[in-house]
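I opened a new structure today and kept notes as I went. Here is what I looked up, entry by entry.

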Amino acid sequence: MARADHVLVVDDDRDIRDLVKRYLEKNGVRASVAANGRQMRSLLDAADVDLVVLDLMLPGEDGITLCRDLRADGKQSPPILMLTARNEEADRILGLEMGADDYLSKPFAPRELLARIRAILRRARALPANLRIAPESHRWLRFGEWTLDTTARHLLDANDTLVSLSGAEYRLLRVFLDHPQRVLTRDQLLNLTQGRDAEAFDRSVDLLVSRLRRRLRDEAQEPKYIKTVRSEGYVFCSPVAVETR
Amino acid sequence: MSGWSRTLFARVVLILLVWLIAAQGLAYWVVMQERSLAVGSMMIDYAAKDIAGAVALLERLPAGERPAWLPKLDRANYRYSLAPTPSTATPDTAFTRAVLAALRAALEPMHDVVMRGNDAGPQVGLQLQDGTPLTIALAPPRMRVSVWLPLALLVQLAILLAFAWFAVRLATRPLARLAAAADAFGSRGSAAPLPENGPTEVAHTAAAFNAMQRRIVEQMSERLRILGAVSHDLQTPITRMRLRVELLDAGSVRERLLSDLHAMQSLVEEGLAYAHSAHAVEEGERAVDLHALLDSISCDYADAGSQVRLNPSVGATVVTRPNALRRIVVNLVDNALKFGGDVEIELRAGPGRPPTIAVLDRGPGIPEAELESVFEPFHRLESSRNRDTGGTGLGLAIARNLAHSIGAGISLSNRSSGGLEALITLPPAEAS
């Protein structure tokens with residue numbers, strides 16, 4: 001990599017933003033800090049920022065508003081990692097709907113923050129820019145008889161019965177749904193699905209695909225949704241409809 | 001006492017029934033007594049005159065013609081025969097006395113009238129002038145009871161039952177409503193106020209209940225506010241401390257500080273979760289594929305490198321709060337992992353029985369005496385006093401609160417093969 005990743009930390013607590021900056025720099029990530037939305041905008045204009053760590057609870061313009069504005073700007077805005085005060089479902093849903101790429105609740109483990117930052121950046125770079133989909137507020141993804149709730153992270157079948165997914169299954173399915181009708185190699189899938197517990201996740205992609213097929217009640221011999229492309233990888237072969245509400 | 005007779009309804013009906021039967025019986029007895037007195041004396045006088053006539057007729061008839069006449073003289077209540085009178089005595093009753101007196105008045109001094117009797121009843125004996133014995137068998141007067149009388153009594157009883165039912169319902173419906181409201185408040189935390197209308201006593205009780213419920217809700221939400229505020233305000237300093245510690249040079253002090261901070265953070269999180277779990281009703285109920293839920297949980301554990309697996313089972317769909325149920329299972333699995341290592345999850349479902357989730361481990365189990373008390377918040381087993389394995393002591397308490405909030409039962413037992421079995425018994429599906 002030619003240059004170090006540049007992360008902008010927006011938090012009103014001076015100790016926290018300075019400590020996060022020092023921690024990130026100690027781990028080889030370049031970091032800048034901003035105390036509010038005004039400082040954030042001037043830094044975004046001045047420097048090339050790869051990712052914004054945004055606190056939800058800010059005085060004046062709060063994180064939700066800033067997040068929405070960044071997304072609404074239209075120009076290529078960097079990915080956003082939202083810091084929420086509590087692990088509140090409402091905050092989480094709001095943050096994700098406003099276009100945050102991921103969220104982390106306070107108090108967070110610094111290592112977890114670093115892992116998430118790296119996962120988001122890896123995800124953003126795993127695919128060429130034209131394949132990358134902008135994270136936007138699509139709450140429901142429909143395909144075949146299934147609906148994926150992307151905030152609650154579970155499936156709904158034709159009878160509206162909730163079908164749970166494990167973390168790895170959700171990430172894999174999400175990658176497929178974000179890139180339907182594209183052949184994805186095992187390496188790409190592995191890169192894209194390695195999420196927050198990257199070090200723990202070492203199962204083969206094949207095993208995970210067969211697990212996901214079972215969850216989708218898909219036949220391995222004649223799959224309706226995830227087809228195997230010999231010596232290349234997998235392709236999600238059902239059309240996906242986005243629904244916002 | 002059987003279950004039915006313990007109900008207020010049964011008791012009120014029983015009291016009213018006894019009262020009705022006693023009152024009716026007494027009235028019936030009084031009326032009958034009155035009637036038998038009036039009718040009885042009239043009938044006996046009439047019968048005495050009739051018998052005197054018959055005796056006079058028999059006196060006049062030649063002895064050979066008398067048997068042919070006897071059937072014509074018979075009446076419903078007395079019959080004549082020319083057989084000798086039995087010599088046995090008959091019990092002395094008001095009736096026999098009255099009959100004897102009336103007959104003597106009508107027949108003496110011409111005839112000596114005696115009262116005798118046998119199994120057939122009282123018999124009056126006398127001798128005709130020529131010495132022929134005449135016996136009159138008496139049938140005691142029977143008061144005819146009309147058919148409609150018991151029918152009327154039955155109709156009265158039916159009306160009584162209907163009114164008793166109505167009255168008792170009037171009295172017990174508010175009680176049932178109160179019980180349902182208290183139940184809903186206790187188990188599901190719903191604090192809908194009771195309507196304060198109806199009779200004065202009922203309205204008063206409802207108002208008192210509502211006031212009590214309001215006070216409890218206020219106290220509970222204040223407790224929640226305090227817990228929330230404390231843990232929220234602890235979050236920022238903990239975050240700062242974690243960052244500072246991470247910036248220290250690696251070493252044993254840093255690791256120990258990190259583990260202390262980790263313990264503090266879990267206590268804050270679990271404390272908040274416990275406060276929430278006591279009345280977790282925010283989440284809506286929905287149909288959930290139980291097998292997928294348990295499979296995804298066991299896969300998450302397996303992906304994280306823990307020895308957790310789901311035993312093969314049939315599928316089942318239940319209507320419940322999925323996040324609450326997930327948290328219950330996760331807490332039980334965490335508990336099993338802490339003590340037991342190798343953990344199995346089992347879904348037991350089938351027609352005619354409520355779906356049950358079992359979390360099995362192969363650890364040392366729990367002493368029988370403590371199987372219930374481990375659900376108390378901050379209860380720790382002797383064997384887990386040290387903090388490395390002890391956790392916060394809130395995991396099982398949270399699980400129990402959440403189980404109650406979804407109407408499920410939760411229990412622990414030691415397995416005969418060693419290890420602990422935790423059971424979640426879900427409420428039976430109403431309609432599937």
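**Two helices in chain B**

I began with α8(B) and α10(B), which are therefore roughly antiparallel to each other. The angle behind this is about 150°, and the axes lie 9 Å apart. I noted the scale: under 35 degrees counts as roughly parallel, over 145 as roughly antiparallel, 65 to 115 as roughly perpendicular, and the rest as oblique. Axes are lines fitted to C-alpha atoms, for helices over the stretch in contact, and angles run from 0 to 180 degrees between N-to-C directions. Helix α8 of chain B covers residues 322-340, and helix α10 of chain B covers residues 395-405. Helices (H or I, at least four residues) and strands (E, at least two) are DSSP runs, numbered from the N terminus.

I checked the hand next: α8(B) and α10(B) cross in the left-handed sense. Left-handed means that the near helix is turned anticlockwise from the far one by less than a right angle; right-handed means clockwise.

Then I listed the contact. From α8(B) it takes in Ala324(B), Arg327(B), Ile328(B), Asn331(B), Leu332(B), Asp334(B) and Asn335(B). From α10(B) come Gly395(B), Leu396(B), Ile398(B), Ala399(B), Leu402(B), Ala403(B) and Ser405(B). Two residues are in contact if their C-beta atoms, placed from the backbone, lie within 7 Å. By class I found eight nonpolar, four polar and two charged residues in the contact of α8(B) with α10(B). Here Ala, Val, Leu, Ile, Met, Phe, Trp, Tyr, Cys and Pro count as nonpolar, Asp, Glu, Lys and Arg as charged, and the others, Gly among them, as polar.

**Ground rules**

I am reading a predicted model, in which local features need pLDDT of at least 70, side-chain atom pairs count only at pLDDT 80 or more, and totals for chains, interfaces and linings use all residues. Residues are numbered from 1 along each chain as its sequence is written, while chains are lettered from A and ligands numbered from 1 in the order in which they are written.

I turned to helix α1 (residues 8-60) and helix α3 (residues 94-107) of chain B. They pack at about 45°, with axes 9 Å apart. α1(B) and α3(B) are therefore oblique to each other. Their crossing is right-handed. On the α1(B) side I found Ile44(B), Asp45(B), Ala48(B), Lys49(B), Ile51(B), Ala52(B) and Val55(B). The α3(B) residues they meet include Ala98(B), Val99(B) and Leu103(B). The contact of α1(B) with α3(B) has 12 nonpolar, no polar and two charged residues.

**The five-stranded sheet of chain A**

In what order do the five strands of the open sheet run? I read β2-β1-β3-β4-β5 (chain A), with parallel pairing. Strands pair if DSSP finds at least two bridges between them. The edge strands are β2 (30-34) and β5 (102-105) of chain A, each pairing on one side only. From one strand to the next, the twist averages 20°.

Strand β1 (residues 6-10) of chain A pairs with β2(A) over five bridges, in the parallel sense. Val7(A) stands opposite Ala31(A) in β2(A). Helix α5 (residues 110-126) of chain A packs on the sheet and touches β1, β3 (51-55), β4 (80-84) and β5 of chain A. The direction of this helix makes about 180° with that of β5(A).

**The three-stranded sheet of chain A**

Another open sheet has the order β10-β12-β11 (chain A), and its pairing is antiparallel. β10 (183-185) and β11 (226-229) of chain A each have a single partner strand, so one side of each is left without a neighbour in the sheet. The twist averages 35° from one strand to the next.

β11(A) and strand β12 (residues 233-236) of chain A pair over four bridges. Val229(A) has Gly233(A) as its bridge partner, and Ile226(A) stands opposite Phe236(A). The two strands, β11(A) and β12(A), form a hairpin with three residues between them. In the turn, Ser231(A) has a positive phi of about 60°.

**Where the chains touch**

I found 26 residues of chain B in contact with 32 residues of chain A. α5(B) gives the most to the chain B side, with 11 residues.
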